[in-house]
Amino acid sequence: MHELLERTIREASSYFQNFLIHEYSKKSALHAVDARIKLIATIIFVVLAVSTFNPEKVLLVLIFLITISAVTGLSLRSIAERVWLFALFSFIVVLPISLSNPIYPVTFTLRVATSLVAIQMLVMTTSFAEICLALRSFRVPEVFVSALWLAYRYVILMFKELLSILLARESRRVSKGSHMDVWRKGGEAVGLFFLRSFEKAEKVQLAMEARGEALSHYHGKLKMLDFVYATIVAFTVFWWVII
Amino acid sequence: MHIPDGYLDLSVAGLFYILSIVVLGYSIYRLRGQKLTSLFGIVAAAIFAAQMLNWPIPGGTSAHFVGGALAGILLGPYAGALAMAVVLTIQCLVFADGGITALGANIWNMAIVDVFVGYYIYKALERFNRSIAAFVAGWLGITLAAIFAGIEIGISSSFGYGLTVTVPVMGVWHAILGIVEGVITAGVVSYIAAARPDVFEQKAAPGKLALGVIAAMIAVSPLFAYAAELVGYAEPLENAAEIIGLEENPIYEGLLPSYTLPSLDPYIGTLIAGVVGTVIVLGLGVILARYA
Amino acid sequence: MGDNLKVIEAENVSYNYPDGSTGVRDVTLEIFEGERIGLVGANGSGKSTLILLLAGLLKPTKGNLRIFGKEVDKKNVEDIRRRIGVVFQNPDDFLFNPTVRDELLYVPRQLEWGEEELEEALRYHAEIFRIEHILDKPPFRLSGGEKKKVEIASVLVYRPEVLLLDEPTAYVDGKTRRHILKILDDFEGTLIIATHELDVAEKLADKFILLNLDHRIEAVGGKEILKNEELLERAGVI
């Protein structure tokens with residue numbers, strides 16, 4: 001169990017950082033853009049990036065995105081840090097194909113990298129609460145969005161409980177075990193953890209019913225800022241088409 | 001096993017979005033009236049937390065538990081699918097884990113195939129031996145989910161390798177890793193069965209017909225994917241643009257008349273168009289920053 | 001004190017949680033065999049974290065920690081688990097076996113004690129803790145006080161040299177509280193008890209470590225610490 005706990009705790013910090021990344025990253029102009037616009041924009045950017053194998057078009061989108069990020073105050077370095085690993089991995093995976101098609105690995109990687117940048121621009125500037133409200137306004141079923149928001153709020157707490165259970169179990173481990181033992185005993189501890197989650201779910205359900213369950217509706221009116229961003233998106237599409 | 005953007009053709013990605021929405025939509029419909037939001041919200045949070053564990057495997061690295069089959073076994077397939085879909089959506093929109101166009105496919109693989117297949121297998125085998133049933137459910141669920149991911153990626157021309165590479169690679173790799181998933185699933189299920197057998201008793205048998213239909217959808221979806229690939233292209237928007245006739249008359253020629261010089265290299269034309277476009281975006285960006 | 005073995009030694013130990021919050025900061029202390037230590041401080045001062053560190057369950061993010069003279073590593077970890085017992089604050093995190101009997105015998109069985117030894121230990125501790133009547137009950141059905149007794153019994157049953165307890169009197173009714181305090185008073189090994197209840201600390205310990213709201217050690221000393229209102233106020237305890 002020792003390894004299980006040590007490695008998990010070590011990697012946990014990167015998870016926790018991601019939960020608050022939109023707070024960690026510098027306030028940029030994009031933080032203020034309406035989440036609905038950003039969500040649609042992100043999808044459009046990604047679609048532009050992955051619907052073509054014309055490297056110029058993909059590169060164009062990438063450059064536009066980097067430009068927007070830089071000018072609005074997003075840390076390019078943060079974006080790069082969060083994108084490079086997957087991009088590199090993708091490049092390496094398809095590299096062998098360069099034997100038959102030398103441009104392919106470059107274009108493929110550009111597509112992946114551009115999509116990642118687009119998503120980072122969303123994730124780094126939009127709180128999950130805003131995303132949930134945006135999803136709700138796009139008619140995603142209330143039940144699902146409520147569950148999304150609830151899950152998001154409880155992940156860290158649940159993780160701490162799981163960790164406590166594993167630590168308690170570890171404190172009573174006095175003999176070495178094989179990998180199989182770790183998986184089995186760990187599985188049992190996770191079983192206890194899930195049982196506790198059911199109990200918690202019941203309590204939360206009662207509390208939610210007592211308070212009235214419905215998520216508030218989206219209040220925001222679209223501002224000039226949002227129209228400017230929408231214009232940028234539209235222009236990108238337009239330029240992508242004619243390039 | 002999360003597929004990023006850029007690996008799937010949009011037609012394939014779109015197909016699996018539709019299939020996933022149909023099954024999830026049906027699941028929501030199925031569960032209407034039962035106040036279950038907090039159940040699959042909290043359990044989703046629990047699954048998320050459990051996925052954060054780094055299980056040491058022989059060889060020195062770690063594997064992560066996915067939990068789709070477990071979700072199906074503990075919550076029933078409909079609530080289980082919704083819980084897993086919640087997890088995957090949060091991973092996509094908070095962690096950028098898994099692409100946004102690929103979310104439909106990721107949900108199909110890990111929230112529907114893994115969950116429903118896990119459920120079917122567990123139900124079929126539980127009368128013989130609960131632990132073994134749970135193990136096989138966990139193992140096969142994840143292996144099949146991986147195979148589906150392999151099919152989706154292999155069938156897409158966006159990804160240079162074909163099915164003969166992607167399916168075996170994904171399948172075999174996850175068949176091995178799936179052992180951990182199976183053991184943990186079995187551990188959880190046997191623990192809960194021993195400690196609180198009442199958890200397993202309440203599951204009312206959900207409509208056999210619907211389950212059959214979903215099983216059929218899962219079985220047939222690779223064929224749909226193949227069809228989608230035939231019908232769609234890797235570059236549908238360009239085709240749309242062609243049809244509209246936009247590409248025939250690059251507009252930049254009109255704006256920048258110096259380009260009509262026939263001696264000019266078309267590549268430079270693109271370069272300058274790119275620079276001009278970037279400058280315009282830069283300007284718009286500055287305006288944006290002003291309004292913020 | 002010089003003759004006694006140093007059981008736990010911490011040198012500038014700090015622990016930061018993965019979510020960025022601080023557990024403890026720059027803790028330096030020595031714990032000798034047979035000492036009875038009260039770890040006092042307000043909630044959130046780091047007592048629980050320190051318990052987990054001193055038990056060898058968490059690895060410091062900074063500084064050195066030596067238990068029984070050595071740093072915790074793959075070779076000695078099971079030995080440390082065998083010789084150090086930890087009673088967690090929430091018994092629901094700790095108890096997981098089908099019956100109370102299984103709970104008590106969980107560690108001894110791993111140590112491969114003989115049947116007779118197991119029976120004797122079970123009988124003896126069930127009697128002391130007055131839990132003979134619930135031996136076959138599942139732990140989750142017990143009351144708060146019963147759970148706490150089962151938890152402590154499950155640790156004492158394998159006779160650890162060092163016993164660490166995190167808020168042992170939380171969740172517990174008055175009668176059970178007195179009973180538990182009596183049992184802990186009789187414990188003969190090294191005792192480290194984390195609590196925000198000063199009277200409990202006073203009853204069981206003779207050396208005190210005071211943690212403040214900055215997650216550091218404010219003071220170390222004898223019973224006089226508990227009477228020093230100024231000090232306690234500074235540390236946020238009162």
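Q: Where is the kink in α7(B) centred, and how big is the angle?
A: In this predicted model, α7(B) has a kink of about 35°, and Leu177(B) is the residue on which the kink is centred.

Q: Which elements of chain B supply the side that touches chain A?
A: At least two residues each come from α1 (10-30), α2 (37-51), β1 (55-56), α4 (77-95), α7 (163-195), α10 (236-244) and α12 (266-291) of chain B, so the kinked helix α7(B) is on that list as well.

Q: And which one gives the largest share?
A: That is α12(B), from which 15 residues of the side of chain B that touches chain A are drawn.

Q: How many residues are in contact on each side, and what classes are they on the chain B side?
A: On chain B 77 residues are in contact with 90 residues of chain A, and the chain B side divides into 55 nonpolar, 17 polar and five charged residues.

Q: Switching to chain A, how many helices and strands are there?
A: Chain A has 10 helices and zero strands, and its elements therefore read α-α-α-α-α-α-α-α-α-α from the N terminus on.

Q: Is chain A compact or spread out?
A: It is more spread out than a compact globule, because its radius of gyration is 22 Å, well over the 18 Å that the globule rule gives for 243 residues. Along the principal axes, its C-alpha atoms fill a box of roughly 65 × 55 × 30 Å, and 50% of the 243 residues count as buried.

Q: What about chain C, how does its radius of gyration fit the rule?
A: For chain C the value is 18 Å, which agrees with the radius near 18 Å that a compact globule of 238 residues would have. The C-alpha trace of chain C spans about 50 × 40 × 40 Å along its principal axes, and buried residues make up 44% of the chain.

Q: What secondary structure does chain C have, and how do β8(C) and β9(C) pair?
A: Chain C has 10 helices and nine strands, and β8 (residues 207-211) pairs with β9 (residues 217-221) in the antiparallel sense over four bridges. Within this pairing, Phe208(C) has Gly221(C) in β9(C) as its bridge partner.

Q: Which residue between those strands takes a positive phi?
A: In that hairpin, with five residues between the strands, His215(C) takes a positive phi near 65°.

Definitions and conventions
Residues are numbered from 1 along each chain as its sequence is written. Chains are lettered from A and ligands numbered from 1 in the order in which they are written. This is a predicted model: local features need pLDDT of at least 70, side-chain atom pairs count only at pLDDT 80 or more; totals for chains, interfaces and linings use all residues. Two residues are in contact if their C-beta atoms, placed from the backbone, lie within 7 Å. Ala, Val, Leu, Ile, Met, Phe, Trp, Tyr, Cys and Pro count as nonpolar, Asp, Glu, Lys and Arg as charged, and the others, Gly among them, as polar. The radius of gyration is taken over C-alpha atoms; the globule rule is 2.2 Å times the number of residues to the power 0.38. A residue is buried if 20 or more other C-beta atoms lie within 10 Å of its own, exposed if 12 or fewer, and partly exposed in between; C-beta atoms are placed from the backbone. The bend at a residue is the angle between axes fitted to the seven residues ending there and the seven starting there. Two strands pair if DSSP finds at least two bridges between them.
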